[in-house]
Amino acid sequence: MTGISKTITSSTRWRYSYQSANCYPSPSPPCARRSTLTSGFGASQRLPSCDKISFSNSSPKVSNGAFYALSYNTRIDQDNTLALLPTGTLILSVTKDTYEELGLQGQPSQYTGRKPLQYVIKLQLTEPTMAPGRKCYERAVWALSEKVPLRFDVLVSWQPPEGKAATAPAKFFAEWDCREVRADVTVRPVAARACPALDSLSLQPEDGAACGAQDFFDWLGAVSCDIDCSSDSSASMRCPEPSLPMGPSLLCSITGLIRPDTVIQLLSALRRYFEEPKLACWATLTAHGFADSPVSWASLEHGFHKGGENLQTLLAFANGNYWLLRAVGTNDGCPS
């Protein structure tokens, strides 16, 4: 299901793609400037899940600033997965066998049918009952460290409070016994091709004078996947009408655990991009979520019946107008 919204929400994503029409050759696009990407992230292998609880309660990072942790190399429909949100919520999506062994309170996954095979456990680590020495805290630590010692490959990142300098990366990542990783940035040219004609004031023009938002969204996805929309063999992917000729463009992709503050930097750079006269009439910024994350939009459960897709595209026009187009998983909740 694809949704169209006029509001934007921030979340942690694994890839951002930037594309600008009729801008090649040109100075590097905003996302190609590594100085824009100030946030690194860490990767740790086989980290015990109980460390998330003990670390969160002994360190001010969860209660001060925004802390993120997400398991990787796991399949949400077959394996145990984990996410730690900046709100201090630890989310575990576990198999039926693991859930029964843990003995922690949870709920059946809403996607497993009448006979649940997957369960979701949520622990609010910032609550007083989860303070060291309290019964709930000791119970959770015992279940995750001794009864069922779950281990995960995790990606971690921390955004310090506004106005405060970040802790030295080496010291921060040492606490989690992980290595620092920088986001991967790639830029490739996109050949000249037909482009849907757009009216920035109308998402779905009724007179046929411009292309609708849904058709543009589909076309943009085909271009991002390097599909030749002019080929006879891809008739279903041809550029929608009406269309206009588009000169060479650039497609820039950033891959990694990308925090909201980095997204805000990219959006600010995108706005500044049009402050000077440009041949480009629009530019897009697309965010792709992790397909096997246990959490999706608005902290809701992430489904796994189909491809696990969840993404949003901000389309910025040279005249200052914006569109926000959002796609969510087949059974995921669509945020308002």
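How many residues lie between β5 and β6 in the hairpin that they form? There are four, and G88 in the turn has a positive phi of about 90°. Before going further, a word on the model: it is predicted, so to speak of a local feature takes a pLDDT of at least 70, side-chain atom pairs count only at pLDDT 80 or more, and totals for chains, interfaces and linings use all residues. Residues are numbered from 1 along each chain as its sequence is written, and side-chain values use heavy atoms, with hydrogens and water left out.

The chain holds six helices and 17 strands. Helices (H or I, at least four residues) and strands (E, at least two) are DSSP runs, numbered from the N terminus. Of the 336 residues in the chain, 51% are buried, where buried means under 20% relative accessible area, exposed means over 50%, and partly exposed is in between (1.4 Å probe, protein chains only).

Two strands count as paired if DSSP finds at least two bridges between them. β5 runs antiparallel to β4, with two bridges joining them, and A83 in β5 is the bridge partner of L70. L84 counts as buried because its relative accessibility is 2%. The C-alpha atoms of L84 and V295 are 9.7 Å apart, although 211 residues separate the two in sequence.

Next comes the inside of the protein. A nonpolar core is a set of buried Ala, Val, Leu, Ile, Met, Phe, Trp, Tyr and Cys residues joined through side-chain atoms within 4.5 Å. The largest one here has 27 residues, and L92, V94, L102, I121 and L150 have the most contacts inside it. Elements that each supply at least two of its residues include β4 (66-72), β5 (81-84), β6 (89-95) and α2 (96-102). The largest share, five residues, comes from α3. Leaving aside neighbours within four places in sequence, L102 touches I121, R139, A143, L144, K147, V148 and L150. Another core, of 18 residues, lies apart from the largest one, and A213, W219, L220 and F317 are among its members.

Finally, the charged residues. Side chains of opposite charge can pair when their charged atoms come close. The structure holds one salt bridge, defined as a side-chain nitrogen of Lys or Arg within 4 Å of a carboxyl oxygen of Asp or Glu. That bridge joins R259 to D261, with the closest N and O atoms 2.8 Å apart, and both R259 and D261 are buried. E301, in the loop between β15 (282-288) and β16 (311-317), is buried too but has no salt bridge, and K122, the nearest side chain of opposite charge, is 7.6 Å away. For these charges, Lys and Arg count as positive and Asp and Glu as negative, while His and the chain ends are not counted. The side chain of E301 does reach the backbone nitrogen of Q110, at 3.3 Å.

Note on methods. Contact means heavy atoms within 4.5 Å. A polar contact is a pair of N or O atoms within 3.5 Å; within protein, one must be able to donate a hydrogen and the other to accept it, and residues adjacent in sequence count only if both atoms are side-chain atoms.
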